[in-house]
Amino acid sequence: MTEPIDYEARMDKIFSQGRLWNHRTLRTVFDPGSSEWDATIMKRKIEILKKIVESGEKLDSLIIDYKERYIEQDRQDIARRVQEAVILLLNYNLKEEKQS
């Protein structure tokens, strides 16, 4: 049985043809308490998520992998921020849609 590819490697494949992608941890889109989140505008976060979905990745599975990674690292604080991030991103996207 082959080992599943961790989500960071999958992000590298999607965004940088297998090289290390600078947002590979996905804290940029899933951790509102991080410097990565602060350094990236909301529009870019949405673009990242769209590209992930267009690649065939399932967001629910990806979020589970993300949370498990940080729980295994004893960083439940990071794992817990996902729900807040998704709400912020959804609110932003809905407001943008309404303005278009």
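What pattern does the chain follow, read along the sequence? I went along it and got α-α-α-α-α-α. I counted six helices and zero strands. For my notes, helices are DSSP runs of H or I with at least four residues, strands are runs of E with at least two, and numbering goes from the N terminus.

Before going on, I jotted down that this is a predicted model, where local features need pLDDT of at least 70, side-chain atom pairs count only at pLDDT 80 or more, and totals for chains, interfaces and linings use all residues. Residues are numbered from 1 along each chain as its sequence is written, and side-chain values use heavy atoms, with hydrogens and water left out.

**Whole chain**

I looked up the overall dimensions: the C-alpha trace spans about 50 × 30 × 25 Å along its principal axes.

Next I checked burial, and 35% of the 100 residues count as buried. Buried means under 20% relative accessible area, exposed means over 50%, and partly exposed is in between (1.4 Å probe, protein chains only).

Then I turned to contacts (heavy atoms within 4.5 Å). Of those between residues at least 6 apart in sequence, 54% join residues at least 24 apart.

**Arg27**

I found Arg27 in helix 2, residues 27-30. Is Arg27 buried or exposed? Arg27 counts as buried because its relative accessibility is 17%. Setting aside neighbours within four places in sequence, I listed its contacts as Ser34, Glu36, Trp37, Tyr66, Tyr70 and Ile78.

**Ala39**

I tracked Ala39 to the loop between helix 3 (35-38) and helix 4 (42-54). Ala39 is exposed, as its relative accessible area is 68%. I also checked Ala39 against Thr28: they are eleven residues apart along the chain, and their C-alpha atoms are separated by 7.8 Å.

**Glu84**

My last stop was Glu84, in helix 6 (residues 76-99). With a relative accessible area of 35%, Glu84 is partly exposed. Which side chain does Glu84 join through a polar contact of 2.8 Å? I noted Arg81. A polar contact is a pair of N or O atoms within 3.5 Å; within protein, one must be able to donate a hydrogen and the other to accept it, and residues adjacent in sequence count only if both atoms are side-chain atoms. I looked at Arg10 too: Glu84 and Arg10 are 74 residues apart along the chain, with 24 Å between their C-alpha atoms.
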